[in-house]
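Please have the sequence and the 3D view open as you read.

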Amino acid sequence: MKYSARRAWHDAYYVPKDDALARMRGDQKAKPKAPKEPGQVFSNGWYRNVYEETDKGRVLAARKPLVTANDSGRPSSDFFEKWDAIWRSKVEGAIRTLPKALKSFGAIMYAPASEFGADDCERVHEHLQNEFFKSVGRDRLLTMQGKRIVRLKLLMYAAMRHHRDVVFGGGTTLGGPAAISRFLYDVYGERLPSVQNWAEHWAGDWDHMLSILDEMERKALEPVSAVIRQHQEQEQSAA
């Protein structure tokens, strides 16, 4: 069996043959929040807006979850099939030791759709904002226009989606700069200017966001990896 902290996190919370209930629980959790102040962006509950062109122009036709119970369904074999049931509890216990931001990070990156909601998205986004702007430096921050700050906050949602696609989507991502801008327009109605000069205008900030998410992942998976190592050591000693 291939040991994976990411998959262990997912399967620890997956309820077999319960997709309908999982979707219902997920719908209850994914309630969008309205902006609290000008310039504040929000996740729309991790939803994707679907637009239609009409004689009155472009209108919102539907809102679909970016991740559904089917998207995050269990693989053919349960990660814990050949484990003693206590190990599932140990993984869940290890996850509970994490700070809220890291628990929310793991929830939106690895857990079934029923196990996360808009609050988890917002918590991860807030942590990403704090880490990003703290490292940007006061001088550069003071020179930034308000519009760019808003766009950077929106770009963080794209980075979060990109990271999840990489770890859970088999490597399929949003795509290149034009696709990222299109994603932000479809979901938030905001395009990134100068994407044709991505390397100059956005690449550095984008890469920095991804590095923060990589560090969050490392910290979030540490306790789960420790449980897996403990299990492996027990297996080896019993062999």
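**Helices that cross**

α4 and α10 are roughly perpendicular to each other, a label that covers angles of 65 to 115 degrees, where under 35 is roughly parallel, over 145 roughly antiparallel and the rest oblique. Before going further, please note that this is a predicted model, in which local features need pLDDT of at least 70 and side-chain atom pairs count only at pLDDT 80 or more, while totals for chains, interfaces and linings use all residues. Residues are numbered from 1 along each chain as its sequence is written, and side-chain values use heavy atoms, with hydrogens and water left out.

Two packed helices are described by the angle between their axes and the distance between the axes. For α4 and α10, the angle is about 100° and the axes are 9 Å apart. Axes here are lines fitted to C-alpha atoms, for helices over the stretch in contact, and the angles run from 0 to 180 degrees between N-to-C directions. The helices themselves are DSSP runs (H or I, at least four residues), numbered from the N terminus, as are strands (E, at least two). On the α4 side, Ala101, Leu102, Phe105 and Tyr110 meet Leu213, Met216, Glu217, Lys219, Ala220 and Leu221 of α10, where contact means heavy atoms within 4.5 Å. By class, this contact has eight nonpolar, no polar and two charged residues. Ala, Val, Leu, Ile, Met, Phe, Trp, Tyr, Cys and Pro count as nonpolar, Asp, Glu, Lys and Arg as charged, and the others, Gly among them, as polar.

Now turn to α1 (residues 5–13), whose buried residues are Ala5, Ala8, Trp9, His10, Asp11 and Ala12. Buried means under 20% relative accessible area, exposed over 50%, and partly exposed in between (1.4 Å probe, protein chains only). The axes of α1 and α4 (residues 100–110) come within 9 Å and cross at roughly 85°, which means that α1 is roughly perpendicular to α4. Arg6, Trp9 and His10 of α1 make this contact with Leu102, Lys103, Gly106, Ala107 and Tyr110 of α4.

**Salt bridges across the chain**

How many salt bridges does the structure hold? There are eleven, each being a side-chain nitrogen of Lys or Arg within 4 Å of a carboxyl oxygen of Asp or Glu. One of them joins arginine 148 and aspartate 205 (2.8 Å, N to O). Arginine 148 lies in helix α7 and aspartate 205 in helix α10 (residues 203–238), so this pair ties together parts that are 57 residues apart in sequence. Arginine 148 is partly exposed at 21% relative accessible area, whereas aspartate 205 is buried at 8%.

Lysine 147 and glutamate 190 also meet in a salt bridge (3.1 Å, N to O). This pair links distant parts of the chain, with lysine 147 in helix α7 (residues 146–168) and glutamate 190 in the loop between α8 (177–188) and α9 (198–201), 43 residues apart. Lysine 147 is partly exposed at 41%, and glutamate 190 is buried at 14%.

Within helix α5 (residues 118–136), glutamate 131 and lysine 134 are three residues apart, so about one helical turn separates them. Their side chains meet in a salt bridge (3.3 Å, N to O). Finally, Glu215, Arg218, Lys219 and Glu222 are linked in a network of salt bridges.
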